Amino acid sequence: PALSRLGLSFFVFGAVFLGLMIGVTALVSPDRFPVHLRDRTVRLADLTAEQEKLTQEHATLLAARATLEERVQAPVLRQVQSLRHGADPLGAALLAIDDVRTGLDAAISLPQVSFVAAAGTLKLGGEVRDPQGRSVQLLASFVDGLRALPLVASVTEPEYRVDPIPSGGTASPFILSITLHRGS
């Protein structure tokens with residue numbers, strides 16, 4: 001008797017519950033919400049296949065890049081490749097020269113800096129000023145510091161000249177030619 005009374009209630013409850021579950025699943029299903037990738041829309045279920053496709057395309061592009069780097073036929077491309085692999089380390093050399101200059105605690109000015117890429121030489125023109133009259137010694141220390149740099153192959157010897165400064169002290173003008181190691 002209890003089962004016959006509650007049977008209809010269980011059946012109605014089950015039917016309503018089943019209908020609600022189907023409705024919620026249809027509304028909140030991941031396939032209903034597509035993923036937008038730049039210019040196209042991909043279903044959520046297709047994202048794995050899309051990832052595999054992009055991985056294969058990436059591998060293909062890397063292989064094409066490797067073949068392009070291997071076969072350099074044009075003279076311009078050969079020159080670009082040689083510049084890429086054996087470029088003069090100009091930026092690093094200028095930073096190292098500035099470190100040597102600032103490390104001496106002297107007034108070393110470098111108003112003339114030029115670079116000849118074909119020869120790999122850096123020309124510096126400047127002046128060392130010292131109120132205590134040690135400008136020649138500071139210039140020699142500067143040249144020795146430049147020669148100790150790993151990027152520098154050679155440094156020309158400057159003319160060691162002393163000019164008196166009206167305010168006191170001495171100045172030593174100089175012109176240096178620095179040859180950099182190629183391909184460092």
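In this predicted model, the side chain of Ser172 makes a polar contact with the side chain of Ser135, at 2.8 Å. The side chain of Ser172 also reaches the backbone oxygen of Arg161, at 2.9 Å. Ser172 belongs to strand β7, which covers residues 170-180. With a relative accessible area of 0%, Ser172 is buried, because buried residues are those under 20%. Leaving aside neighbours within four places in sequence, the contacts of Ser172 include Gly126, Glu127, Val128, Val136, Leu139 and Val162; Ser135 and Arg161 are also among them.

**The chain as a whole**

The chain holds five helices and seven strands. Read from the N terminus, these elements follow the order α-β-β-α-α-α-β-β-α-β-β-β. The chain has 184 residues, of which 22% count as buried. Its accessible surface comes to about 13,000 Å², and carbon and sulfur atoms account for 63% of that surface. Among contacts with a separation of 6 or more, 55% are between residues 24 or more positions apart.

**The nonpolar core**

The largest nonpolar core has 22 residues, and those that touch the most other members are Ile97, Phe142, Leu146, Leu176 and Ile178. Two or more residues of this core come from each of α4 (90-103), β4 (121-130), α5 (135-147), β5 (152-155) and β7. Helix α5 gives the most, with five residues. The surroundings of Leu176 can be described in more detail. Neighbours within four places in sequence aside, Leu176 is in contact with Phe142, Val143 and Leu146, among others. Further contacts of Leu176 include Leu122, Lys123, Leu124, Val155, Thr156 and Pro158.

| Helix | Number of residues | Span, first to last C-alpha | Expected span at 1.5 Å a residue |
|---|---|---|---|
| α4 | 14 residues | 20 Å | 20 Å |
| α5 | 13 residues | 18 Å | 18 Å |

In α5, the buried residues are Ser135, Leu138, Leu139, Phe142, Val143 and Leu146. These residues lie on the same side of α5, because they cover an arc of only 140° around the axis. The buried residues of α5 pack against α4, β3 (107-116), β4, β5 and β7.

In α4, the buried residues are Ala93, Ala96, Ile97 and Val100. Their arc around the axis is only 100°, so they fall on the same side of α4. These buried residues pack against β3, β4, α5 and β7. The face of α4 turned away from the buried side carries the exposed residues Leu95 and Asp99.

Asp99 lies in helix α4. Asp99 has a relative accessible area of 53% and is therefore exposed, since exposed means over 50%. The C-alpha atom of Asp99 is separated by 9.5 Å from that of Gly145, although the two residues are 46 residues apart along the chain. Just after α4, Asp105 takes a positive phi of about 55°.

How values were computed
Residues numbered from 1 in each chain as written. Predicted model: local features only at pLDDT ≥ 70, side-chain atom pairs only at ≥ 80, totals over all residues. Heavy atoms only, no water. Helix = DSSP H or I, 4+ residues; strand = E, 2+ residues; numbered from the N terminus. Buried < 20%, exposed > 50% of the residue type's maximum accessible area, 1.4 Å probe, protein only. Contact = heavy atoms within 4.5 Å. Areas by Shrake-Rupley, 256 points an atom, 1.4 Å probe, with all protein chains shown as cover. Polar contact = N/O pair within 3.5 Å; in protein donor to acceptor, adjacent residues only side chain to side chain. Core = buried A, V, L, I, M, F, W, Y, C linked by side-chain atoms within 4.5 Å. Expected span 1.5 Å × (residues − 1). Arc of directions from axis to C-beta.
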